[in-house]
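Here is a brief report on one protein model. Please look over the sequence and the structure before reading on.

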Amino acid sequence: MPRLRQALTTGLAVMLVSCTQSDNRAPASASGTPAPTQEEADAKDIVVTGARANDEDAPRVRKERRADRMAYAPPPPPPLPPFVSAPSPVTGMTMPMASVQGYVARTEPRPPVAYHDVGRDKFTAAPENPFKVAREEPVSTFSIDVDTASYSFVRASLNQNVLPQPAAVRTEELVNYFPYDYAAPRSAEQPFTTNVAVFPSPWSPGRQLVRIGIRGYSIQHATRPRANLVFLIDTSGSMYAPNKLPLVKQSLDMLVDQLDANDRVAIVTYAGVAGTALEPTRASEKTRIKAVIDGLGAGGSTAGAEGIRQAYALAEQNFDSAGVNRVILTTDGDFNVGITNQDELKGYVERERGKGVFLSVLGFGMGNYNDAMMQALAQNGNGAAAYIDTVNEARKTLVDEASSTLFPIAKDVKIQVEFNPAAVSEYRLIGYETRMLNRDDFNNDKVDAGDVGSGQTVTALYEVVPVGGPRTISDLRYATPAPPAGLDDRCAPCGAAISELGFVKIRYKLPKSDTSRLISMPINRAATVARFEDAPRDARFATAVAAFAELLRGGRYSGAMRYDDVLNIAIGARGTDEFGYRSEFIQLVRAAKAAEPIARLGE
């Protein structure tokens, strides 16, 4: 404005000077309008040049000045929208910067809008385990699974009033989300206790459930090994969302608080490229470690494979032969730069596992969550996979169960159950579809299996059809018919005592050993209870969780069971619930009754 006014003033002043040097008689305009008088010219001169006006002309001059300012003033700029910071991981709300008189002070460029995708979640689909004829296939072999990612994802879906896709539901991970009160082992040299219960099936009259529970030895804090940890943090653009990178920061801050002064932490980040954000640092420098974590931002593509390579290199560079060496990957699994093939990444992780560095995976976000990738990495990296959807889940995984998450008490844990055809006609393993092993894998120490962390419990459920019970598979025309029910003490063709329903074997390795050990025990019919209500409380609650998972998957084998039946069982078996996990489950069952299938929401 001042420059425009000065230019106009100078131009008009030149014109006026030239006019005063000419004849006082100005010619008439082309339109016949008389030329302005000297007094009028003086008045205009006053307005343009800002010279002092006579007192009687002052009001008119001030009015004309205001008119001039309005005529030449450009329109005011549109108000700037408030600066939007990273969304809050707790409330999901954005926090605007302070503004002055409607204008916002900007000291940095506007960040991108929070990333949000829908319908790109990836899961490995596996059909439910079918019934098998005990006379034809008496042996069932599988790897244990202590992952809990499926339960948390199911909860996140139901909290949005949406039923999870069936492939997202892994029954064993829902069952094993909850701790159970099994007897604790006495020493780390034999790190497991085994608990078996047999009781009637609540959804199929005439059939029974066999509950096999194991509990790992709890390492005391004072005697736990040192931890050499590398946080591998996905900082790509897909992680810019309230339930992703901001929640990652909160989660890792909690974990840092659980570490001892002699533990070490390094940080590798990856987006379009990967790099070391923090060299190995003693956990006693918590402020320094947290400052690096809290200063991370999201943007770019996802070079996950390169990040994994650098993280393993850092872990090996600072390898602690007497401690636990682990990479902890935090990601939504959306790898799109470099090696993205799942099998290639599995092979790389397997090779690194042989060097003594394990991999655990913490999944975040929904919409483009690649569960299939993260399950493959965790299973082949001798680690667990968890899904963090809330701050409370982060606290459960990384604070309340920190020892279980970080410190294994056994690796390559396999279970093999041989059913007695004289007592059992058919059986099926409920869940563990992605963990099935061949019969000869059980004795092969080169075959990888799941790990068990300090103090963890693992539960497996079989549904069995006793001899004479309601079968699902008819005898073949030319096969030897099944023996009738009520035979005497021995069955000559099978050579096994009818007093046993089957035999359980557990094979495991100690964390620093490559040679497996064996635990075994029979499944005695004498331990069978006649009524479901008389079964152990933990067994009944595990049954309710398994039934809920089977209903979410389609209910192929759940008989007449409905959500209301699940509620009745779970409420009756809730028992001691120190952290409220079981009460939360009951609310999820209620939510499932009203939730919409995801396909319907897309219509």
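The report below moves from the whole chain to its open spaces and then to single residues.

## Overall build

The model is predicted. The protein has 603 residues, of which 48% are buried. Its secondary structure comprises 16 helices and 22 strands.

Among contacts with a separation of 6 or more, 79% link residues 24 or more positions apart. The exposed surface comes to about 28,900 Å². Carbon and sulfur atoms supply 52% of that area.

## The largest pocket

The largest pocket holds about 1,000 Å³ of space. Its lining has 43 residues. Closest to the centre are Phe178, Pro179, Tyr180, Glu401 and Gly455. Several elements give two or more residues to the lining. They are strands E12 (358–363) and E13 (385–387), with helices H11 (391–400), H12 (402–406), H13 (537–552) and H15 (581–594).

Which element gives the most to this lining? Helix H11 does, with four residues. By class, the lining of the largest pocket has 15 nonpolar, 15 polar and 13 charged residues.

## The largest cavity

The protein also has three cavities of 30 Å³ or more. The largest cavity contains about 150 Å³ of space. It is lined by 21 residues. Val146, Asn382, Gly383, Ala384 and Asp451 lie nearest its centre.

Helices H10 and H12 and strand E16 (450–453) each supply at least two lining residues. E16 has the largest share, with four. The lining of the largest cavity divides into seven nonpolar, nine polar and five charged residues.

## Arg395 in helix H11

Helix H11 also holds Arg395. Is this residue buried or partly exposed? Arg395 is partly exposed, because its relative accessibility of 35% falls between the 20% and 50% cut-offs.

The side chain of Arg395 makes a polar contact of 2.9 Å with the side chain of Asn392. Leaving out residues up to four places away in sequence, Arg395 touches Met254 and Asp400. Leu255 is 140 residues from Arg395 in sequence, yet their C-alpha atoms are 8.5 Å apart.

Asp332 sits in the loop between strand E11 (324–331) and helix H9 (342–353). Asp332 counts as buried because its relative accessibility is 0%, under the 20% cut-off.

What does its side chain meet? Another, of 3.4 Å, joins the side chains of Asp332 and Asn368. Beyond four places in sequence, the residues that Asp332 touches are Asp234, Ser238, Met239, Lys244, Phe364, Asn368, Tyr369, Asn370 and Met374.

Met366 lies in the loop between E12 and helix H10 (371–380). With a relative accessible area of 16%, Met366 is under the 20% cut-off and therefore buried.

How many residues separate Met366 from Ala241 in sequence? The separation is 125 residues, while the C-alpha to C-alpha distance between Met366 and Ala241 is 9.8 Å.

## A covered helix

Helix H4 spans residues 149–158 and is mostly covered, with 10 of its 10 residues buried. The buried residues of H4 include Ser150, Ser152, Arg155 and Ser157. Tyr151, Phe153, Val154 and Leu158 are also among them.

Asp412 is not a glycine, yet its phi is positive, at about 50°. Asp412 lies in strand E14 (residues 408–419). Asp412 counts as buried because its relative accessible area, 8%, is under 20%.

Tyr432 is likewise not a glycine and has a positive phi, of about 65°. Tyr432 belongs to the loop between strand E15 (424–430) and E16. At 1% relative accessibility, Tyr432 is under the 20% cut-off and so is buried.

Conventions:
Residues are numbered from 1 along each chain as its sequence is written. This is a predicted model: local features need pLDDT of at least 70, side-chain atom pairs count only at pLDDT 80 or more; totals for chains, interfaces and linings use all residues. Side-chain values use heavy atoms; hydrogens and water are left out. On a 1 Å grid over the protein atoms alone, a cavity is a set of points where a 1.4 Å probe fits but cannot get out, and a pocket is an open set with protein on both sides within 12 Å along at least five of seven lines; lining residues have an atom within 4 Å of a point. Grid points are joined across faces, edges and corners, and a volume is the space filled by probe spheres set on the points. Ala, Val, Leu, Ile, Met, Phe, Trp, Tyr, Cys and Pro count as nonpolar, Asp, Glu, Lys and Arg as charged, and the others, Gly among them, as polar. Buried means under 20% relative accessible area, exposed over 50%, partly exposed in between (1.4 Å probe, protein chains only). A polar contact is a pair of N or O atoms within 3.5 Å; within protein, one must be able to donate a hydrogen and the other to accept it, and residues adjacent in sequence count only if both atoms are side-chain atoms. Contact means heavy atoms within 4.5 Å. Accessible areas come from the Shrake-Rupley method with a 1.4 Å probe; for residues, only the protein chains shown count as cover.
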